[in-house]
Amino acid sequence: MKRTWWKEAVVYQVYWRSFYDSNGDGVGDLQGVIEKLDYIQHLGVDVIWLNPCYESPDKDNGYDISNYYAIMEKAGTMKTWETLLDEVHKRDMKLIMDLVVNHTSDQHPWFIESRSSRDNPKRDWYIWRDKPNNWRSYFTPSAWEYDELTGQYYFHSFAVEQPDLNWKNPEVRQEIYKMMRFWLDKGIDGFRLDAIALLAKPEGFPDAADPNDIRYLTNNPGLHEYLREMHEQVFQYYDIFTVGEVAFVSPEEGLKYVAEDRRELNALFHFEVCDEMPNWEPLRFKNIQRRWYDVLWGKGWNSQFLNNHDHTRQVTRYGNDKEYRVESAKLLGTMLHTLPGTPYIYQGEEIGMTGVRFPSIDDYNDIAMKNKYEEEIAKGRDPQEVLESLQPLSRDNSRTPMQWDDSPNAGFTTGTPWIKVNPNYKEINVKQALQDQNSVYYYYQKLIQLRKENPVMVYGTFHDYTENEPYIYAYTRELDDVRWLIVLNHCDHANDYELPVSLAAYKREVVLGNYPDIQENGSVLHMRPHEARIYRLI
Ligand code: ISL
């Protein structure tokens with residue numbers, strides 16, 4: 001298998017508006033990221049993924065761009081951004097930017113022109129029709145918005161304020177490629193490609209059999225031609241990393257995006273877990289891992305993540321964020337950093353930050369949640385019941401400010417935070433984690449260091465020995481004569497795991513564990529609640 005830096009990397013995701021506020025306006029900013037780069041470097045990560053900071057009316061937290069060539073004022077200036085890139089590189093790390101090209105903001109000059117008249121030269125830069133079909137969007141009951149001025153509907157896969165670009169139009173594609181070269185020529189190290197599976201739209205926009213099953217928004221014919229053209233005209237000229245956000249794909253479909261011989265993208269995020277598995281389902285998770293490994297291994301590259309700025313913090317959603325928060329956070333980290341693919345750390349995950357339950361809908365900011373709340377209220381549902389149904393998976397669970405210390409607002413800002421701080425910041429914060437050798441932080445540091453020193457963690461083949469085990473997850477990674485065994489007890493109770501004969505035959509050496517000692521009797525491993533162990537088999 002070809003070895004490359006982005007396969008060996010650990011990526012740290014920075015949601016800058018919630019990371020660190022350097023000027024007291026209550027919103028994190030790029031200067032704040034610069035001031036915390038030593039903290040990120042100290043963790044040992046190799047790449048920073050920066051969420052969108054382009055000029056934007058900020059309806060969807062930057063995913064509605066009105067000028068691709070400028071930095072959002074509340075984030076900073078182009079000068080600040082250039083300093084950030086420079087400081088990242090000085091610390092021997094890399095920076096990938098979020099590329100949002102399925103849609104723009106409705107305030108982008110392109111769309112303002114396009115909606116101005118039916119014969120405007122940019123009319124066909126977006127998607128206009130006389131009649132909508134029955135599709136809904138990710139964030140609204142209909143994917144079509146009527147525009148009085150020209151008496152037609154425009155298409156939007158997300159919010160009304162995010163009209164989709166018409167990728168069929170070669171002028172649009174060339175303009176986007178020019179913009180991508182602008183940032184690549186500035187020296188960035190790659191792109192996270194937002195909603196990239198949505199670029200192509202089906203001929204004639206036929207009605208959907210089930211409008212509520214929105215997978216019709218994705219993976220339509222023509223998409224891969226766009227991605228191949230993107231590679232041909234832009235990516236191949238740079239030593240960069242491209243990872244696509246690819247919803248609703250099977251491993252076979254996913255391979256089409258990342259197969260090295262197809263020259264499209266380097267890696268993908270699939271959402272069989274984060275979008276489609278609301279809570280921890282061990283057998284389902286294991287099955288997903290095996291299927292993607294079997295189809296991609298040796299051909300294309302996967303990503304390992306359980307949370308990001310769209311998905312609830314993993315220790316709350318897929319672990320135990322109460323009596324076993326530290327052990328559970330370490331177990332999930334062990335799993336993500338030892339399964340095949342590039343591991344992603346979402347800011348705050350490395351100190352075991354949790355999700356949140358704000359008491360009022362007014363405490364929430366996310367357009368997706370607000371829209372859904374209004375939609376359900378309009379159906380006559382009880383407001384409190386709707387709020388409680390939306391809280392667990394609200395995207396704001398992972399968007400509360402980074403918890404730096406136990407001072408007011410968790411040391412995030414000297415102003416009023418744009419979104420409330422999680423009330424548990426006095427217990428869970430970076431200052432506390434750095435003072436505690438047993439903290440999640442130092443465990444993540446060890447995991448990341450292990451990846452740098454042990455290619456088996458990156459290029460080792462994968463084999464799951466516990467397909468039908470509800471609590472124990474035991475799998476090996478093997479490379480040449482190096483063989484690692486990872487054993488996880490994803491459960492609030494202790495469980496014994498009897499090693500299969502094939503594994504019991506080896507002498508075992510502990511590489512890392514999240515409990516201070518190891519309890520085993522011969523080939524029976526006594527695993528305590530949320531215990532994780534990495535063994536070298538000799
Ligand atoms: O948010 C989701 C589930 O709660 C995801 O399904 C998400 O909408 C989808 O993965 C696309 O997300 C990306 O594009 C959106 C933006 O709101 C998200 O933040 C971004 O990650 C539109 O640009």
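Biologist: How much area do domain 1 and domain 4 bury between them?
Modeller: In this predicted model, domain 1 and domain 4 bury about 2300 Å² between them. Carbon and sulfur atoms carry 66% of that area.

Biologist: What makes Arg-290 and Glu-467 a salt bridge?
Modeller: Take the distance from N to O between their side chains: 3.6 Å. The cut-off is 4 Å, for a side-chain nitrogen of Lys or Arg and a carboxyl oxygen of Asp or Glu. The value of 3.6 Å is within 4 Å, so Arg-290 and Glu-467 qualify.

Biologist: How many salt bridges and polar contacts cross the interface of domain 1 and domain 4?
Modeller: The rule finds two salt bridges across the interface. It also finds eleven residue pairs in polar contact there.

Biologist: How many salt bridges does the structure hold?
Modeller: It holds 49. Among them is the pair Lys-178 and Glu-175, with the closest N and O atoms 3.1 Å apart. That is within the 4 Å cut-off, so the pair counts.

Biologist: What separates Lys-178 and Glu-175 along helix H6?
Modeller: About one helical turn, because they are three residues apart in helix H6 (residues 170-185).

Biologist: Why are strand E17 and strand E19 said to stand at the edges?
Modeller: The sheet is open, with three strands in the order E17-E20-E19 and antiparallel pairing. Strand E17 (495-498) and strand E19 (520-521) each have a single partner strand, so one side of each is left without a neighbour in the sheet.

Biologist: How do you know that E17 and strand E20 pair?
Modeller: Count the bridges. E17 and strand E20 (residues 524-527) share four, in the antiparallel sense. Pairing needs at least two, so they pass. Asp-496, for instance, has His-526 in E20 as its bridge partner.

Biologist: In what order do the eight strands of the open sheet with parallel pairing stand?
Modeller: The order is E11-E10-E9-E5-E2-E1-E13-E12. Strand E11 (267-270) and strand E12 (303-304) are the edge strands, and each pairs on one side only.

Biologist: What makes strand E10 a partner of E11?
Modeller: Four bridges join strand E10 (residues 241-246) to E11, and the two run parallel. At least two bridges are needed, so the pair counts. Val-243 stands opposite Ala-267 in E11.

Conventions: Residues are numbered from 1 along each chain as its sequence is written. This is a predicted model: local features need pLDDT of at least 70, side-chain atom pairs count only at pLDDT 80 or more; totals for chains, interfaces and linings use all residues. Side-chain values use heavy atoms; hydrogens and water are left out. Buried area is the accessible area (1.4 Å probe) that two parts lose on being put together, summed over both. A polar contact is a pair of N or O atoms within 3.5 Å; within protein, one must be able to donate a hydrogen and the other to accept it, and residues adjacent in sequence count only if both atoms are side-chain atoms.
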